[in-house]
Each structure stands twice: as structure tokens, then as C-alpha cells.
Amino acid sequence: MRVQVDAGQCQGHGLCQMTSPEVFALRDEDGHAYPLHEEVGSDLAEAARSGADACPERAISVE
Ligand code: SF4
């Protein structure tokens, strides 16, 4: 499963990181999110989806 954050859409709310800190982190420079792993296995799939669902900007794609 591939996790991506669209940097152009991310507004740095941090909800993805608060919801799923095992999948998402925030950059010190600009506060925008990035995935800790671009590919996640089934153990982190639920957390990846929860983080994506928490994003009000719909900036996260999980495929
Ligand atoms: S919740 Fe969405 S907008 Fe907020 S930091 Fe995460 S990816 Fe960016």
C-alpha cells in the first residue's frame, strides 16, 4: 500500500500526525506532513487510512 501527501494541498493542520503518528510526521521547516514510509504493509494499513480520513484538505492518498 502506497501513502503519499500532496505538498501543494497540505496546510499543516497536523491532524494526520495526531491520528496516526506511526505513519505520518510533520516537517520542522514548514509544518507540512510527510509519510514515514511510502509503502506500508497490512499492519499499518488501518492507521494510514485513518490518517488520510482525518485530513480536512484531502491531501493524503492511500492506494
Ligand atoms: S492533516 Fe492533511 S493538511 Fe493537515 S498536516 Fe496532515 S496532510 Fe497536511
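**Core, cavity and ligand**

Modeller: The largest nonpolar core has 15 residues, and Val3, Val5, Val23, Phe24 and Ile60 have the most contacts inside it. A nonpolar core here is a set of buried Ala, Val, Leu, Ile, Met, Phe, Trp, Tyr and Cys residues joined through side-chain atoms within 4.5 Å. Buried means under 20% relative accessible area, exposed is over 50%, and partly exposed is in between, with a 1.4 Å probe and protein chains only.

Biologist: Which elements give two or more residues to this core?

Modeller: Strand 1 (3-5) and helix 2 (42-54) do. Helix 2 gives the most, with four residues. Helices (H or I, at least four residues) and strands (E, at least two) are DSSP runs, numbered from the N terminus.

Biologist: Before we go on, what am I looking at?

Modeller: This is a predicted model, where local features need pLDDT of at least 70, side-chain atom pairs count only at pLDDT 80 or more, and totals for chains, interfaces and linings use all residues. Residues are numbered from 1 along each chain as its sequence is written, and side-chain values use heavy atoms, with hydrogens and water left out.

Biologist: OK, how many cavities of 30 Å³ or more are there?

Modeller: One. On a 1 Å grid over the protein atoms alone, a cavity is a set of points where a 1.4 Å probe fits but cannot get out, and lining residues have an atom within 4 Å of a point. Grid points are joined across faces, edges and corners, and a volume is the space filled by probe spheres set on the points.

Biologist: What lines the largest cavity, and how much space lies in it?

Modeller: About 90 Å³ of space. The lining has 15 residues, with Cys10, His13, Gly14, Cys16 and Cys55 nearest the centre. By class, that lining is 10 nonpolar, four polar and one charged. Ala, Val, Leu, Ile, Met, Phe, Trp, Tyr, Cys and Pro count as nonpolar, Asp, Glu, Lys and Arg as charged, and the others, Gly among them, as polar.

Biologist: And where is the ligand?

Modeller: The ligand takes the space of the largest cavity; the test is that more than half of its atoms lie within 2 Å of the grid points. Residues around the ligand include Cys10, Gln11, His13, Cys16, Cys55 and Glu57, each with a heavy atom within 4 Å. By class, this shell has seven nonpolar, four polar and one charged residues.

Biologist: Is Cys10 buried or exposed?

Modeller: Cys10 counts as buried because its relative accessibility is 9%. Cys10 lies in the loop between strand 1 and helix 1 (15-19).

Biologist: Asp6 next: where is that one?

Modeller: Asp6 is also in the loop between strand 1 and helix 1, and at 36% relative accessibility Asp6 is partly exposed.

Biologist: Switching topic, what about phi of Arg58?

Modeller: Phi of Arg58 is near 55°, a positive value in a residue other than glycine. Most residues other than glycine have a negative phi. Arg58 sits in the loop between helix 2 and strand 4 (60-62) and is exposed, at 54% relative accessible area.

Biologist: Last one: where is Arg49?

Modeller: Arg49 is in helix 2 and partly exposed, with a relative accessible area of 42%. Arg49 and Ser61 are 12 residues apart in sequence and 8.6 Å apart in space, C-alpha to C-alpha.

Notes: 1 Å grid on protein atoms, 1.4 Å probe; cavity = no way out; pocket = protein on both sides within 12 Å on 5 of 7 lines; lining within 4 Å.
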